[in-house]
Amino acid sequence: VCCQKVSEAEAMLYGGVSNVLISNPGVDFSKLRRFAALARIAEVAICADDAGNIADINQAAEQFDVKIPVYVELNVGADRCGVEAGEPVLHLARSISSSSNLHFAGLQAYQGKAQHIRDYKERGSAVDAAVDKINHTIDMLQSDNIECPVISGAGTGTYEFEARSKVYTELQVGSYIFMDADYALNLDEKG
């Protein structure tokens with residue numbers, strides 16, 4: 001289950017969900033400590049897009065003597081958070097891998113802007129551009145002998161494109177539960 005905040009993760013975990021990803025980079029140290037405490041009771045992971053944030057996550061993990069999986073947030077077109085493809089991701093993956101209480105879990109590659117592009121072909125093109133950035137980044141990581149076990153992303157509005165790409169290993173669809181009426185305005189292949 002993906003959550004945006006630690007409080008949401010706590011609610012999910014205490015409600016019986018056993019595996020949670022905080023899909024936004026966490027920056028407040030008191031919240032990172034609460035998050036690290038959760039790693040004692042369940043499988044949790046978090047995203048990061050800054051070396052200072054990685055150091056803070058590691059410090060919180062050390063305090064609770066836990067090992068935390070960290071995904072590097074890759075900017076695949078939303079331009080809201082994340083680092084650019086290639087070298088910036090490699091730098092952060094190295095930082096995570098060299099941290100005492102963290103391990104590099106993969107990439108967070110969510111293309112939020114694409115979720116509500118109405119035209120089917122334009123929506124597909126936005127995902128194709130994201131996939132190109134992911135593939136470039138994976139090539140760079142592999143050339144540095146860094147495994148990238150998970151590519152997480154996608155969403156209710158674009159999941160069929162991400163699934164078809166064969167790049168994503170984890171799809172973050174979820175709005176379908178509430179059937180956000182806005183998705184009904186997206187055109188399908190037939191128009």
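Mentor: First, a term we'll need: buried means under 20% relative accessible area, exposed means over 50%, and partly exposed is in between (1.4 Å probe, protein chains only). You're looking at a predicted model, where local features need pLDDT of at least 70 and side-chain atom pairs count only at pLDDT 80 or more, while totals for chains, interfaces and linings use all residues. Residues are numbered from 1 along each chain as its sequence is written, and side-chain values use heavy atoms, with hydrogens and water left out.

Trainee: What is phi of Asn145 near?

Mentor: Asn145 belongs to the loop between helix 5 (120-143) and strand 6 (150-153). With 71% relative accessibility, Asn145 is exposed. Its phi is positive though the residue is not glycine, and the value is near 60 degrees.

Trainee: Which strands stand at the edges of the sheet?

Mentor: It's an open sheet of seven strands in the order 1-2-3-4-5-6-7, with parallel pairing (two strands pair if DSSP finds at least two bridges between them). Two of the strands have a single partner each, so one side of each lacks a neighbour in the sheet. Those are strand 1 (2-3) and strand 7 (170-171).

Trainee: Over how many bridges do strand 4 and strand 5 pair?

Mentor: On one side, strand 4 pairs with strand 3 in the parallel sense over three bridges, and Val72 is the bridge partner of Ala48. Val72 also stands opposite Leu107 in strand 5. Strand 4 (residues 68-73) and strand 5 (residues 102-109) are parallel too, and their bridges number six.

Trainee: How many residues of strand 4 are buried?

Mentor: Take one face: Ile68, Val70 and Val72 are buried there, and Pro69, Tyr71 and Glu73 are buried on the other. Val70 has a relative accessible area of 0%. Beyond its neighbours within four places in sequence, Val70 is in contact (heavy atoms within 4.5 Å) with residues including Ile46, Ile57, Ile96 and Phe104. Strand 4 is largely enclosed by the rest of the structure, because its buried residues are six of the six.

Trainee: At what angle do helix 1 and helix 2 pack?

Mentor: The axes of helix 1 (residues 6-14) and helix 2 (residues 29-38) are 10 Å apart; they are lines fitted to C-alpha atoms over the stretch in contact, with angles from 0 to 180 degrees between N-to-C directions. The two helices are roughly parallel, a label for angles under 35 degrees, while over 145 is roughly antiparallel, 65 to 115 roughly perpendicular and the rest oblique. The packing angle is about 20 degrees.

Trainee: Which residues of helix 2 make the contact with helix 1?

Mentor: Helix 1 brings Val6, Ser7, Ala9, Glu10, Leu13 and Tyr14. Helix 2 answers with Lys31, Arg34, Phe35 and Leu38.

Methods
Helices (H or I, at least four residues) and strands (E, at least two) are DSSP runs, numbered from the N terminus.
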